[in-house]
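Subject: Structure for your review

Dear colleague,

Please find below the structure that I am handing over to you, together with its sequence. I would be grateful if you would read the notes after it with the model open.

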Amino acid sequence: MAKTQNQQEAQQDINQLLKVRREKLAALQEAGKDPFQITKYDVTHHSQEIKDQFDALEGSKVSIAGRVMSKRIMGKASFCNVQDLEGDIQCYVARDSIGEESYADFKKYDVGDIAGIEGEVFKTKTGEISVHVSKMTLLSKSLQILPEKYHGLVNTDIRYRQRYTDLIMNEEVKKTFVMRSKIISSIRRYLDGQGFLEVETPMLVPNAGGAAARPFETHYNALDEDVKLRISLELYLKRLIVGGMERVYEIGRVFRNEGLDTRHNPEFTLMELYQAYTDYNGMMDLTENMFRHVAKEVCGTTTIPYGEVEIDLGKPFERITMVEAVKKYAGVDFDEVPDTAAAKKLADEKGVHYEDRHTKGDIINLFFEEFVEEHLVQPTFVMDHPVEISPLTKRKPDKPEYVERFELFITAREMCNAYSELNDPIDQRERFKAQEAALAAGDEEANTTDEDFMNALEIGMPPTGGIGYGIDRLVMLLTNSPAIRDVLLFPTMRQEKKTSDSAKPVKKEAEQPARQSSISRAQALELLKKYNKEPFHIQHALTVEGVMRWYAKALGYANEEEFWAITGLLHDIDFELYPQEHCKKAPELLREAGVGEDMIHGVCSHGYGICSEEEPVHEMEKVLFAADELTGLIWSCALMRPSKSTMDMEVKSLKKKFKDKRFAAGCSREIISQGAEMLGWELDDLFDKTIQAMRSCETAVAEAMEKEA
């Protein structure tokens, strides 16, 4: 498709700006002022340090360095803001202070350039702490263009792919990752103080065991052997316990070949620790004390805000067995269920999906996931899991069908998993055999026998408590971050398609002329209510409006936000009056109201393949096609939750309902899947984004509906 005139003009504007920056660099190099030849710069202070210690530093000389984020040129004296690790500070640049030549150079600085600044700390007439510059040094020339400061960087895809830009433009993002570093340091200090030794174990292994996950596979050229990337740290750390290292831990990357959602990334940070001569009760005590210690040290409090709730890490954590939890929240006592056949019958009655190979223990766990997890918001240790789902765990002496294992749940998420470690090599070999049978039956996450580990167990391992912590989820909790990608500096992303165009890619807003709505939001709402009286239909329209508004900003179409939102608001304009002719009557109603043809096409294309022949073409139309159907499924799931809200919904819960065709049967899974395919997204990604979008507008929709009532 040929580029439009607007596209060409936008591309030319960007290319011209980039050209000017390179010309400035060339001029500096010709004048012997190449910033890239500077190898070091002595920094004495950071911005926040100057502000915090102003009384002591006022009138003193300081040397700072950072990125120029704004400039205000005013004749012989100017201002700029410089951003460093701790924040930003205003700098007063006067020609008489730095000299005429340096001042001329400063006026040519671009936003994004990195400068070294020497000067005196003072306070302006308006009371702003600043640096009166006596010398400026250009340390690095920025040859690219930062996002416009007022709107910031909101496109989540660009934020995750270009984390360096995200850190520059979004101060809260930088704070999150500074916090992450402090959290990990605090964990290390705590464990070192408890007598633990930090160790390192292999990442490339012949047998990826210690967890239920599908591994990545690769080939070792030097040895001509296939190997796997580790999925856990467990089996090597236990070898060290056998060797007499009584308390060990490792913080490291592990790799699991599985999907992506708000809680999962294929590459993530895991910490595992093992302590000889203790059991899972000792691990509970250690975990509770460590979480409390880290929160207090890093956050300054044990009461942690997360989303709409406050998590109290100061109170004793609740302790409940898995069977007790299922009985409490699902009303089913599995101690009274005699066997697998009876368990499957109960699952059928309760609508819990299972596979033929599942046993009673598996079904207990399925009930737990279906009915219990979402209630575990405050810290809760769930203990004593079925032996079938715990192949590396010591059995309970009084109830051998269960094991001494716990998982800690906070905000309805598993935060860690711990065992009284199985040290009986005969029992362990039988467990591995059961895992291999499950693998042969189609379970790609089952373990295989690790003969070297078996040899270590036969040498003898003392009674041991062990635990694994998802470091990313702990960081999510302590930084109030809703998604794992928000706490990973470089999360896993689908590779961008390569382009033959050597020029810098243009922002999506510039790929085509920005479409403007031919009807105001107030007019659109009035039109909606003219043809729709059912509160449910109005609520759905308002929800889709909010979702489309979120997507417009998230995908880089902020200049089309109203167009996307109003298309979403009007997408079902004819549904209530003409359900049998849905999308066929819409053009007539919309044209009569003066709505433009591009919006009419968008409205009709969401019914493609069912009630309309209009095919989604623009990204907006593809989003509407997928999100319209998906919002209905998400809202049905939300109404099943105690909160009746999307605020605490997880992709994992939605995936289970998506697979259960009996749930919200009117929501077409085929359309949702087709929409994800149109967009080139994984289903998990579509689920994750749409849940976030619904969260963004849920409160506003509820308030609007309350006003309507």
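Predicted model: local features only at pLDDT ≥ 70, side-chain atom pairs only at ≥ 80, totals over all residues.

Residues are numbered from 1 along each chain as its sequence is written, and side-chain values use heavy atoms, with hydrogens and water left out.

The chain as a whole

The chain holds 25 helices and 20 strands; these are DSSP runs numbered from the N terminus, with H or I over at least four residues for helices and E over at least two for strands. Its radius of gyration is 30 Å, close to the 27 Å given by the globule rule for 709 residues, so the chain is as compact as a globular protein of that length. The radius is taken over C-alpha atoms, and the rule is 2.2 Å times the number of residues to the power 0.38. Along the principal axes, the C-alpha atoms fill a box of roughly 85 × 70 × 55 Å.

Of the 709 residues, 52% count as buried, where buried means under 20% relative accessible area, exposed over 50% and partly exposed in between (1.4 Å probe, protein chains only). Among contacts with a separation of 6 or more, 66% are between residues 24 or more positions apart; contact means heavy atoms within 4.5 Å.

The barrel

Five strands close into a barrel in the order S1-S2-S3-S5-S4, with mixed pairing. Neighbouring strands of this sheet are turned by 55° against each other on average, direction ignored. Two strands are taken to pair if DSSP finds at least two bridges between them.

Strands S2 (residues 77-84) and S3 (residues 87-94) pair in the antiparallel sense over eight bridges, and Phe 79 stands opposite Tyr 92 in S3. By contrast, S3 and S5 pair in the parallel sense over three bridges, with Cys 91 opposite Val 131 in S5. Strand S4 (residues 114-123) pairs with S5 in the antiparallel sense over 10 bridges, and Gly 116 has Thr 137 in S5 as its bridge partner. The hairpin of S4 and S5 has five residues between the strands, and there Gly 127 takes a positive phi near 90°.

Helix H5 (residues 100-107) lies across S1 (61-74), S2, S3 and S5 (129-140), and runs at about 60° to S2. Such angles run from 0 to 180 degrees between N-to-C directions, with axes fitted to C-alpha atoms, for helices over the stretch in contact.

A covered helix

Helix H16 (residues 471-479) is mostly covered, with nine of its nine residues buried. Among them are Asp 472 and Arg 473, as well as Leu 474 and Val 475. Just after H16, Asn 480 takes a positive phi of about 55°.

Asn 265

Asn 265 lies in the loop between strand S10 (247-255) and strand S11 (267-276), and is buried, with a relative accessible area of 3%. What does the side chain of Asn 265 meet in a polar contact? A polar contact of 3.2 Å joins the side chains of Asn 265 and Thr 492. A polar atom of the Asn 265 side chain also lies 2.7 Å from the backbone oxygen of Glu 267. A polar contact is a pair of N or O atoms within 3.5 Å; within protein, one must be able to donate a hydrogen and the other to accept it, and residues adjacent in sequence count only if both atoms are side-chain atoms. Not counting residues up to four places away in sequence, Asn 265 touches Leu 260, Ile 484, Leu 488, Pro 491 and Thr 492.

With kind regards
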